[in-house]
Amino acid sequence: MPTLSQQLLAKEAKYGASNYKPLDVMLCRGEGVWVWDLDGKRYLDCLSAYSAVNQGHCHPRILAALTEQASRLTLTSRAFHNDQLGLFYEELCTLTRSTRALPMNSGAEAVETALKVARKWAYQVKGVPADQAEIIVCDGNFHGRTLSVVSFSTDEPSRHGFGPFTSGFRIIPYGDADALEAAITRNTAAFLVEPIQGEAGVIIPPAGYLARARALCTEHDVLLILDEIQTGLGRTGALLAEEHEGIEADLTLIGKALSGGFYPVSAVLSHDAAMGVLKPGEHGSTFGGNPLACAVSRMALKVLVEEGMIENSARMGRRLQDGLAAIQTGVVREVRGRGLMIAIELDPAAGGARRFCEHLRDQGILCKETHTNTLRVTPPLVIDTDTVDWALDRFSRVLSAA
Ligand SMILES: *Cc1c(COP(=O)(O)O)cnc(C)c1O
């Protein structure tokens with residue numbers, strides 16, 4: 001008799017599209033930094049759904065906001081006003097020092113929205129000739145999975161077989177401000193960049209890169225679009241990663257942890273000049289800005305700030321990073337990160353990161369490899385000292401056994 005877990009796996013294999021290759025673990029419950037499988041085994045979640053559950057699994061205050069709002073009003077569409085949207089706008093803009101916000105659902109939709117805003121701004125405000133707008137992006141980027149977004153991906157599996165692609169994008173090396181300066185033309189509408197590249201393997205650009213990019217964009221009348229869908233909302237030890245270089249983007253994209261993992265909510269944050277180009281009927285989403293999303297996000301932001309999760313991310317991130325860097329086993333090439341956005345770069349001779357994910361799972365830690373040799377370590381921001389030390393002990397065991 002196959003176990004329940006095996007039966008469910010078989011159903012996924014039989015009926016599901018096979019566009020993912022998950023680690024062999026069947027989860028059914030989560031609380032804070034912990035998740036449990038069907039056999040009742042507990043794991044430390046060191047992926048946090050790619051930073052969507054920064055606030056920890058099933059945060060009780062967000063859960064309460066969700067159930068309260070769900071029993072009252074969930075969806076009106078934007079054809080009518082709802083009593084949550086204005087409050088969400090105000091709290092979000094105040095917290096992020098933005099002047100306007102546009103709510104969407106998935107991260108990719110926020111990216112698409114920003115690209116549309118940037119193009120319209122280029123034609124209406126900057127005076128770029130019709131259909132000539134260019135958007136500069138970086139090698140190794142990850143901005144989502146829609147056709148226009150994969151049109152400028154440099155990851156072959158993300159693109160292969162999906163053409164023809166959307167034009168109007170230029171790809172430059174990441175972390176190279178000179179390359180940005182050289183790529184800007186009169187028709188450049190925007191520079192879209194991740195403050196730290198997440199899916200590429202927690203790639204941190206040289207110090208001063210974002211500040212220089214900000215200056216170049218200002219000088220050449222180009223919008224700086226920061227994709228903070230993964231780096232934002234406390235992950236790097238600051239509310240937004242842009243704060244590490246003391247800059248402000250023209251358009252900032254957030255998503256993932258904006259709902260604490262309860263619900264897909266994303267947003268484009270901006271100043272008036274850029275967002276002002278959109279008029280009624282020119283862009284929208286049935287679910288974008290719905291009252292349930294707004295109520296959930298309001299609480300997700302509130303607990304992030306009130307419960308000190310951003311400061312905790314900085315503190316625990318330092319502890320975890322220092323602890324990982326101290327594990328001397330020969331298979332670790334580098335430990336890098338900012339706040340609780342951390343990666344362990346393994347020696348290519350060690351046989352690939354996937355193998356380590358499996359050993360870590362056996363030790364009660366869930367991690368995800370990115371590319372072949374990088375282990376990403378990004379626990380929820382509510383992790384405490386004891387749990388960091390517990391995790392370090394397990395990492396040490398697994399990396400030493402190799
Ligand atoms: C996850 C992610 C996205 C896409 O978000 P989805 O909600 O999966 O569409 C975009 N940009 C970055 C940097 C991301 O990490």
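Residues are numbered from 1 along each chain as its sequence is written, and side-chain values use heavy atoms, with hydrogens and water left out. Because the model is predicted, local features need pLDDT of at least 70 and side-chain atom pairs count only at pLDDT 80 or more, while totals for chains, interfaces and linings use all residues.

Helices and strands are named here from DSSP runs numbered from the N terminus (helices are H or I with at least four residues, strands are E with at least two). Helix H3 (residues 60-70) packs on helix H11 (residues 291-306) at an angle of about 160°, and their axes are 9 Å apart. Axes are lines fitted to C-alpha atoms, for helices over the stretch in contact, and angles run from 0 to 180 degrees between N-to-C directions. H3 and H11 are therefore roughly antiparallel to each other; angles under 35 degrees count as roughly parallel, over 145 as roughly antiparallel, 65 to 115 as roughly perpendicular and the rest as oblique. The crossing of H3 with H11 is right-handed, a term for a near helix turned clockwise from the far one by less than a right angle, whereas anticlockwise is left-handed. On the H3 side, the contact (heavy atoms within 4.5 Å) is made by Arg 61, Ile 62, Ala 65, Leu 66, Gln 69 and Ala 70. H11 contributes residues including Pro 291, Leu 292, Met 299, Lys 302 and Glu 306. The residues of this contact divide into 11 nonpolar, 1 polar and 3 charged. In this division Ala, Val, Leu, Ile, Met, Phe, Trp, Tyr, Cys and Pro count as nonpolar, Asp, Glu, Lys and Arg as charged, and the others, Gly among them, as polar.

The crossing of H12 and H14 is right-handed. Met 316, Arg 319, Leu 320, Gly 323 and Leu 324 of H12 meet Thr 385, Val 388, Asp 389, Leu 392 and Phe 395 of H14. This contact comprises 6 nonpolar, 2 polar and 2 charged residues.

The structure also holds 3 aromatic pairs. Rings of Phe, Tyr and Trp (its six-membered ring) pair if their centres lie within 6.5 Å; planes under 30 degrees apart count as stacked, over 60 as edge-to-face and the rest as tilted. One of the pairs, Phe 152 with Phe 169, is tilted, at 4.4 Å centre to centre and 40° between the planes. Phe 152 lies in the loop between helix H6 (147-150) and helix H7 (156-159) and Phe 169 in strand S6 (residues 169-172), so the pair ties together parts that are 17 residues apart in sequence. Both Phe 152 and Phe 169 are buried; buried means under 20% relative accessible area, exposed over 50% and partly exposed in between (1.4 Å probe, protein chains only). The rings of Tyr 174 and Tyr 209 have centres 5.7 Å apart and planes at 75°, so this pair is edge-to-face. Because Tyr 174 is in the loop between S6 and helix H8 (177-183) and Tyr 209 is in helix H9 (residues 209-219), the pair ties together parts 35 residues apart in sequence. Tyr 174 is buried at a relative accessible area of 15%, and Tyr 209 is buried at 3%.

A cis peptide bond, with omega of about 0°, joins Gly 163 and Pro 164, and Pro 164 is located in the loop between H7 and S6. Ser 77, a residue other than glycine, has a positive phi near 65°. Ser 77 is in the loop between H3 and helix H4 (85-96) and is partly exposed, with a relative accessible area of 23%. His 371 likewise is not a glycine, yet has a positive phi of about 55°. The loop between strand S14 (368-370) and strand S15 (374-377) holds His 371, which counts as exposed at 52% relative accessibility.

Finally, Ala 238 occupies the loop between strand S8 (223-227) and strand S9 (251-254) and is buried, with a relative accessible area of 7%. Apart from neighbours within four places in sequence, Ala 238 is in contact with Leu 233, Glu 243, His 244 and Ile 310.
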